[in-house]
Number of protein chains: 2
Amino acid sequence: MEKVSLKVIAKELGVSAATVSLVLNGKNKNGRVSEEMSKKIIDKAAELHYIPNSLAKGLKMGHSKSIGLIVADISNVFFGTLALHIQNYAEKGGYTVIIGNTNEKLEEMEKMITFLNSRQVDGLIITPAEGSEFLIESVLKGKKPLVLVDRGFPDLNVPSVLINNYEICYRSTKQLIDQGFKNPAFITYRQDQFHTNERKRGFIEAMKDAGLFTPDHVKEVSYPYLNEDMDKAISQLLKCEKKVDAIFFATNTISMAGVKSLFKRGMLIQKDIQVMCFDETDAIDLFPFRVPFIKQPIKEMAKTALELLIDQIEKKEVTNKKLFLEAELIT
Amino acid sequence: MEKVSLKVIAKELGVSAATVSLVLNGKNKNGRVSEEMSKKIIDKAAELHYIPNSLAKGLKMGHSKSIGLIVADISNVFFGTLALHIQNYAEKGGYTVIIGNTNEKLEEMEKMITFLNSRQVDGLIITPAEGSEFLIESVLKGKKPLVLVDRGFPDLNVPSVLINNYEICYRSTKQLIDQGFKNPAFITYRQDQFHTNERKRGFIEAMKDAGLFTPDHVKEVSYPYLNEDMDKAISQLLKCEKKVDAIFFATNTISMAGVKSLFKRGMLIQKDIQVMCFDETDAIDLFPFRVPFIKQPIKEMAKTALELLIDQIEKKEVTNKKLFLEAELIT
DNA sequence: AATTTTTAATTAATCGATTAACTCTATACT
DNA sequence: AGTATAGAGTTAATCGATTAATTAAAAATT
């Protein structure tokens, strides 16, 4: 079976490829191609199951109608959900999404950027890894439309879609305090990223404002040794002189690991200890009782990021807006 | 900043684009290009940050070095993990993966296939939706390399990577019986797909062989109304004259919904009722006790599927092998 | 010195689609 | 009748990379 190109349709109908292209793209205005021929072409294209070659089209047009999405780990529900929504919105705008994983590693992020550039993506949506400012700056220099999601760099002038991390963590901590917990702890990743720093700051400020802040109650765990570090951190927290009565987990993976670790040592959540989770996980609504958690507006984040990106791509409008969407505290 | 193409490098160095292409592709064997010029070209390419245009390359070469992966829902952990591993293995072979969601809908699946074809993917990995035989057949007719994963069609001659659904479910059911549960139930999707049918068959045969089979103990739920249907199904199972003492959930989403539903009505797993889950979920190792579950070899499935696909793409070897990998019962 | 071989490149066609600029007819208008 | 105008298409260049076929000079061989 011969591959069906414009030329094939053209030959079968005895016209030029140009004519076929014109018709199939709806550009046969003001008498370019007759009604009759148009119909013939459309019918023939359908008959032969013609599928346009988007490599050729992209090459000629200078755009691929695709965007690159770079996340840390597509098997993480947060990123998976983000990807799903981004894809759905992208499809509506006629764009394909190519997803890349960084595994939080700079080299992999760099590779993915080069890779997606070689694939001529029209724009990039990135959840940047720690310390990747220089990579982001190089993308910016290349003039390729770019939007950061979930994580941003305060010193960089990049369109970003973030959430109100500081504020929501302040409020959530305050709620714990108002509910009578006097010694809440906070567990976050050992990393220097703006979004997690802000979460931590929210916790600390709320604690300070209540006159309850204890530096020892903020623990850090590392991404590669999450479970081990978590066990240690919780051990330490439970041994503190001021015994911890609540733990605020700073991300979804930390929440899962934290809850798991508590279970392992036989602690009953909400009886022996209270928890506050960032992000919704499958596990959370498994509990026979309510676990308070912070819900990110993932779908809205996806939508907003895509709008920002497509505006740049199509209207050549360089927005440097940083948008802060509101997360919600669900109790 | 001018876009850097072969031509730009060529012009800067006063040579032809052909020479640059030869060097950059390592095809300057037996005295095609001098050592000296080669070095100059390589240096200049690095200096200008040359990134090859893979649309142009793909157009010329007739392959895009990309493969399409069509799953039901990328935000589902099973598919997310599958995608992650497929991407990792693909990258090693120099392929990009473009992921598409079907949401279990035929029209979306059809759209995705056309879409990926227009993007000139070199092959397709698909977890087909119910009733999509005709779509799979049309792909086959188009001679595009194809591999089915997770779900297959027994009547179709397509390379597939599946697991031993029947056998593992038989064994798992038998184990429940051996442990003393006399009235296990089975909850699956209301759909006619080979892989879930096989799971059901495994359960039923094991029950029959033990002389315990009760048709009323097999319940079906629908994908769009999972939670509601689950509540109903469990209600009915608990009202049966032969009161159900264990439930076997046929997929990961069903497992989650099932466990959630049990919790909601205050049933304690392993005390009031035993469960058996298909797939590992985050939630499963949250329990303070062990929940038996069936673990699919996702990583191996990804690897095998990719091997089967790349064999077809590169060696033009039309394997119609159906490979059955072994799932594991974890107790 | 003449011929062959090797070295080092270039030329030009090609992949498939797009589109500005052009051609050719037929009809309309003065 | 002679010129405009509208209608219906075609031509040819182009996007960027690849590669078979060719060329031209230098080196080796007879």
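**Protein–DNA and chain–chain contacts**

Five helices each supply at least two residues of the surface near DNA strand C: H1 (6-13), H2 (17-24) and H4 (54-61) of chain A, with H2 (17-24) and H4 (54-61) of chain B. Helices here are DSSP runs (H or I, at least four residues), numbered from the N terminus, and a residue is near the strand if one of its heavy atoms lies within 4 Å of it. This is a predicted model, in which local features need pLDDT of at least 70 and side-chain atom pairs count only at pLDDT 80 or more, while totals for chains, interfaces and linings use all residues. Residues are numbered from 1 along each chain as its sequence is written, and side-chain values use heavy atoms, without hydrogens and water.

**DNA strand C**
- H4(A) gives the most to this surface, with 4 residues.
- A side-chain N or O atom of B:Ser16 is 2.7 Å from a phosphate oxygen; for A:Lys57 the distance to a phosphate oxygen is 3.3 Å.
- The side chain of B:Lys60 has an N or O atom 3.0 Å from a base oxygen.

**Chain B with chain A**
- Contact (heavy atoms within 4.5 Å) takes 47 residues from chain B and 46 residues from chain A.
- The rule finds 2 salt bridges across the interface, a salt bridge being a side-chain nitrogen of Lys or Arg within 4 Å of a carboxyl oxygen of Asp or Glu.
- B:Glu91 and A:Lys111 form a salt bridge at 3.5 Å, N to O.

Conventions: Chains are lettered from A and ligands numbered from 1 in the order in which they are written. A polar contact is a pair of N or O atoms within 3.5 Å; within protein, one must be able to donate a hydrogen and the other to accept it, and residues adjacent in sequence count only if both atoms are side-chain atoms.
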